[in-house]
Amino acid sequence: MTSVPSPADQPPAFSLKPLLAAACIGSMAMMAFVAVVGPMARLLDLEPWHVGMAVTAAGVAWMLMARFWGAYSDRVGRRRVLLTALVGFAVSYAVLALFMNAALLWVPAAAITFLGMTLARTAAGAFYAAVPPVCAAVVADHTPPAGRAKAMGAVGAASAVGMVVGPGAAGLLAGWNISASLLVIAALPLVALVVVWRFLPADEHAAVRKPSPLKLTDPRLRRAVFTAFAAMFCVVAAQVVVGFVALDRLALAPGVALAVVGVVLFVSQMVLRRLDWSPIRFIRIGGVVAAVGFACVNFADSPALLWLTYGVAAAGMGWVYPAISALAANSVEAHEQGAAAGAVGAAQGLAAVVGPIAGTLAYQASSGAPYVIGATLVLVVVLWPARRPVPEQAASAP
């Protein structure tokens with residue numbers, strides 16, 4: 001007689017909650033430090049380029065390590081890699097907070113402060129690089145192709161919340177006590193670690209994972225990798241030059257425009273969860289909306305129009321971003337999910353390094369050039385011809 005398994009014997013349903021926490025808290029920690037490093041630089045006699053180099057170094061580390069972490073999770077399991085990376089992230093930020101607090105107390109030579117800050121921030125970026133690709137790979141492991149854009153949209157919305165809340169809360173706390181703000185920021189990765197350790201279940205069949213020889217140049221990933229680079233390039237370039245546009249053209253601070261971007265990114269990704277579209281359709285429609293927003297920034301001659309155009313661009317990008325991860329996941333096999341997510345992360349990391357430099361150089365040539373370049377890149381993504389889907393990808397075909 002065959003026994004029927006009881007409900008207690010059934011594995012628990014997959015939950016996005018620990019991934020949402022890791023994405024939100026991780027981005028909150030990364031962006032919060034950027035909000036307080038400026039005031040610290042003034043107190044420690046650091047030059048603006050010192051701050052820029054420390055932030056850029058973290059971007060380089062992210063770019064170099066994202067693919068490694070993703071492929072490594074294919075071999076040894078998602079939970080193990082995510083926990084390892086979060087431990088490193090927490091230790092790096094603890095060292096960063098303690099070092100910067102010591103520097104505020106003793107004010108050493110600027111070179112010493114710069115070196116310590118850069119090394120600790122670089123280590124943090126290297127470990128944080130595991131969070132986006134491994135979270136995307138976990139989603140791909142547990143979600144059918146047709147539902148991946150929705151699930152990854154939820155993770156993207158959580159990350160957007162962190163991007164908005166982190167700098168704002170850190171800035172307010174730094175206005176009261178910079179040392180306390182550093183300690184709070186350092187505690188965030190530890191909170192993410194505890195949540196993932198407690199609530200993310202062990203991988204199923206992790207011991208039989210096949211090695212993933214997936215290359216960054218794999219033709220199956222070309223569209224996703226280029227789209228990831230183009231999307232991140234447009235966003236970071238626009239974030240960097242908005243301060244110049246706001247000051248030079250409108251004589252106001254850029255904070256409201258950046259806050260609008262974060263809020264609209266969150267809202268658009270929540271709307272995405274209610275639509276049953278394929279990743280390619282999200283990219284095409286979202287890309288057109290974003291291109292219109294970027295192009296129209298050149299005509300913004302008032303604060304309200306600047307906020308509106310940035311909001312339109314953010315709304316489009318809110319659909320493009322999670323669709324990139326879903327597109328990459330739907331293009332490869334199960335044992336390649338981590339490597340595919342890592343390839344997307346590496347492309348985004350490269351854009352995070354190149355975008356600010358290219359954006360400011362383009363702005364020096366012409367104030368509208370960064371937005372023309374952004375709109376053009378997004379339209380290239382929109383017009384990219386679709387490949388004929390293989391049977392396994394049919395569920396995600398446009």
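Predicted model: local features only at pLDDT ≥ 70, side-chain atom pairs only at ≥ 80, totals over all residues.
Asp45 sits in the loop that joins α1 and α2. Asp45 has a positive phi of about 60°, although it is not a glycine. Most residues other than glycine have a negative phi. Asp45 is also exposed, with a relative accessible area of 58%.

Val107 lies between α3 and α4. Its phi is positive too, at about 50°, and Val107 is not a glycine either. Val107 is partly exposed, because its relative accessible area of 38% falls between the 20% and 50% cut-offs.

Now step back to the whole chain. It has 13 helices and zero strands. From the N terminus on, the order of elements is α-α-α-α-α-α-α-α-α-α-α-α-α. The chain holds 398 residues, and 51% of them are buried. Take the contacts with a separation of 6 or more: 86% of them link residues 24 or more positions apart.

The buried residues of α4 are Thr113, Phe114, Gly116, Met117, Thr118, Ala120, Arg121, Ala124, Gly125, Ala126 and Tyr128. They pack against α1 (17-43), α2 (48-76), α3 (78-106) and α5 (131-142).

Thr118 gives one example from α4. Its relative accessible area is 14%, so Thr118 counts as buried under the 20% cut-off. Leaving aside residues up to four places away in sequence, Thr118 touches Ala54 and Ala57.

Next comes the nonpolar interior. In soluble globular proteins, nonpolar side chains tend to be buried together. The largest nonpolar core in this model has 126 residues. Phe33, Tyr93, Phe294, Leu306, Tyr310 and Met317 have the most contacts inside it. Helix α8 supplies the largest share of this core, with 16 residues. Leu306 shows what such contacts look like. Not counting residues up to four places away in sequence, Leu306 touches Val242, Val245, Ala246, Leu250, Val297 and Ala300.

Some space is left unfilled. Rolling a probe the size of a water molecule over the atoms shows where empty space is left. Here the count is two cavities of 30 Å³ or more.

The largest cavity holds about 90 Å³ of space. Its lining consists of Val235, Ala238, Gln239, Val261, Leu265, Phe294, Tyr310, Ala313, Ala314 and Met317. Helices α8 (222-250), α9 (255-272) and α11 (303-330) each give two or more residues to this lining. The most come from α11, with four residues. By class, the lining of the largest cavity has nine nonpolar residues, one polar and no charged.

Thr227, Ala230, Ala231, Ile283, Gly287, Met317, Val320, Leu377, Val378 and Val381 line it. Two or more residues each come from α8, α10 (279-296), α11 and α13 (369-383). This lining divides into eight nonpolar, two polar and no charged residues.

Notes
Residues numbered from 1 in each chain as written. Heavy atoms only, no water. 1 Å grid on protein atoms, 1.4 Å probe; cavity = no way out; pocket = protein on both sides within 12 Å on 5 of 7 lines; lining within 4 Å. Points joined across faces, edges and corners; volume = space filled by probe spheres on them. Nonpolar A, V, L, I, M, F, W, Y, C, P; charged D, E, K, R; others polar. Core = buried A, V, L, I, M, F, W, Y, C linked by side-chain atoms within 4.5 Å. Buried < 20%, exposed > 50% of the residue type's maximum accessible area, 1.4 Å probe, protein only. Contact = heavy atoms within 4.5 Å.
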